[in-house]
Amino acid sequence: MSKKILLNSKDIEIILHRLACQLIENHNDFSDTVLIGLQPRGSFLANRLVQLLENDYGIKELKLGLLDITFYRDDFRRRSEPLVATSTEINFLIEDKKVIIIDDVLYSGRSVRAALTAIQSFGRPLNIELLVLIDRRFSRHLPIQPNYRGRQVDAINEEKVLVTWRETHEIDAVYLEQK
Amino acid sequence: MDQLSVAHLLGIKYLKPSDIELIFKTADHFKEVINRPIKKVPSLRDITIANLFFENSTRTKLSFELAEKRLSADVINFSASQSSLKTGETLIDTVNNILSMKVDIVVMRHAHVGAGVFLSKHVNAKIINAGDGTHEHPTQALLDSYSIREKLGTVKGKKIVIIGDILHSRVALSNIFALQMQGAEVKVCGPTTLIPKYIRSLGVSVETNLKKALEWCDVANVLRVQNERMDINYFPSTREYTQLFGINKEMLENLEKKIVIMHPGPINRGVEITSDVADSEQSIILNQVENGVAIRMAVIYLLAEQIKK
């Protein structure tokens, strides 16, 4: 199994700053905006963006929620391995809010489809945007595109994009793995 | 570990400790779901569940039905009182007729011990036992343990006394199995006539003095006297039962520690428990009811996962 580095920690740092600036451009002080990280992997990216927006750009009282989509997935009973749920932590209503869904890798688009359904359980949002670190653009199963993307990657189906965060793997990096 | 080791939920005694842990973890997620503004997930959209209640039930049936609906399953209900049972049809025929309508999961309550086990051997559907005679009521025991875990952090090492009609209680038996599996110490307390002769062989201690039992325990699970299952008089009068085994506020206040009061319902207020105890802050009776929906959602979800496309 060969492993190629796509982004190192410096690249990721620059990308996170750019994404933060793009968000500020569209959402000003975030008073009507909530960030929703998709569990489990999107929550690392969401947490990092919140830290950046608060510490480096002075945004205050950001609302961050973590959404688990296990019970909304379309492959329940269709996989050999059982689905394992993680927790949902959304302590606010999203009625009339601008929602930014955050995930690390956009691949088939099915997780985002599930998230769009799941988020309705917390109210009717004003609109929903999608932010991803990696956009695998040729592998979509559904008509879903990100509003904010860190890096576009042309990976084939036999390849896997792996994102590691320093919180769990000691290093921020994105790898391309041959399966 | 993320899968149940059993194909049906027939009783606690068939489960492993890891199954109980998995059910509790899954129930944690569903408890969050049922506290959302929209309390429903689409997981079981293509699953049909039949609730077959050959014996009367209010809360268990409602709780199962709500759990099924919260998971988006299609639900059909069957009650003995409205059925053609009296025509002489056998249980297998009744259930097979229902299954031919493409039912995936059967939730069954039946007056006969082992009805669920019997059915699981003869029909092609997942069976969930919602109470079989005086034998087991697994989802009740799971929600009781789950409520203790929620209130006290863990079940392990806790002292739990089950008070009342142990002889006729499937809740007591399932609770004994579940609590012991999780490392709790279990005592039963009641009139000797209502305590089964061989209960000690399950590793349970017996106490006939209510005061001593309450002093010993962290949690008291109080049961109803099941008059409908009694063919003889097991105690002289309800008044005498209440005097010896009824819990009142004064008793609780005289204890050194604050114990947790549970009751699987229906409560006979003023018989086994007074109203001020049932409604006190030590009582987690209504939490048990809420947790019942989450636990049943978890059980149904985990069994449905085994029905592969």
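1. B:Pro266 sits in the loop between β9 and α10 (275-278) of chain B. Helices here are DSSP runs of H or I with at least four residues and strands are runs of E with at least two, numbered from the N terminus. The peptide bond joining B:Gly265 and B:Pro266 is cis, with omega about -10°. This is a predicted model, in which local features need pLDDT of at least 70 and side-chain atom pairs count only at pLDDT 80 or more, while totals for chains, interfaces and linings use all residues. Residues are numbered from 1 along each chain as its sequence is written, and chains are lettered from A and ligands numbered from 1 in the order in which they are written.

2. Chain A also has a cis peptide bond, between A:Gln39 and A:Pro40, with omega about -5°. A:Pro40 belongs to the loop between β2 (33-38) and α2 (42-55) of chain A. Most residues other than glycine have a negative phi, and most peptide bonds are trans.

3. A:Phe30, not a glycine, has a phi of about 65° and lies in the loop between α1 (9-27) and β2 of chain A. A:Phe30 is buried, with 21 other C-beta atoms within 10 Å. A:Arg77, also not a glycine, has a phi of about 70° and is placed in the loop between β3 (63-67) and β4 of chain A. With 16 other C-beta atoms within 10 Å, A:Arg77 is partly exposed. The classes count other C-beta atoms, placed from the backbone, within 10 Å of a residue's own: buried is 20 or more, exposed 12 or fewer, and partly exposed in between.

4. Where is A:Tyr107 placed? It is in the loop between β4 (98-106) and α3 (110-119) of chain A. A:Tyr107 counts as buried, with 21 C-beta neighbours inside 10 Å. Leaving aside residues up to four places away in sequence, A:Tyr107 touches A:Arg136 and A:Ser139; contact requires C-beta atoms, placed from the backbone, to lie within 7 Å. The C-alpha atoms of A:Tyr107 and A:Phe76 are separated by 18 Å, the two residues being 31 apart along the chain.

5. Chain A as a whole has 4 helices and 8 strands, in the order β-α-β-α-β-β-α-β-β-β-α-β from the N terminus. Its radius of gyration is 16 Å, close to the 16 Å that the globule rule gives for 179 residues, so chain A is as compact as a globular protein of that length. The radius is taken over C-alpha atoms, and the rule is 2.2 Å times the number of residues to the power 0.38. The C-alpha trace of chain A spans about 45 × 40 × 30 Å along its principal axes. Of its 179 residues, 39% count as buried. Among contacts in chain A with a separation of 6 or more, 67% are between residues 24 or more positions apart.

6. Strand β8 (residues 173-178) of chain A pairs with β1 (residues 3-7) of chain A in the antiparallel sense over 4 bridges; pairing requires at least two bridges found by DSSP. A:Glu177 in β8(A) is the bridge partner of A:Lys3. β8(A) also pairs with β7 (residues 159-164) of chain A, antiparallel, over 6 bridges. There, A:Leu176 in β8(A) is the bridge partner of A:Val161.

7. In chain B, 5 strands form an open sheet with parallel pairing, in the order β7-β6-β5-β8-β9. β7 (205-207) and β9 (260-262) of chain B stand at the edges with a single partner strand each, so one side of each is left without a neighbour in the sheet. β5 (residues 159-163) and β6 (residues 185-189) of chain B run parallel and are joined by 5 bridges, with B:Val161 opposite B:Lys187 in β6(B).

8. Chain B is divided into domain 1 (12-137 + 290-304) and domain 2 (138-288); the bounds come from an automatic or database domain assignment. Between the two, 23 residues of domain 1 of chain B are in contact with 25 residues of domain 2 of chain B. On the domain 1 side, α11(B) supplies the largest share, 6 residues.

9. Between the chains, 17 residues of chain B are in contact with 17 residues of chain A. Helix α1 (residues 17-33) of chain B gives the largest share of the chain B side, 4 residues.
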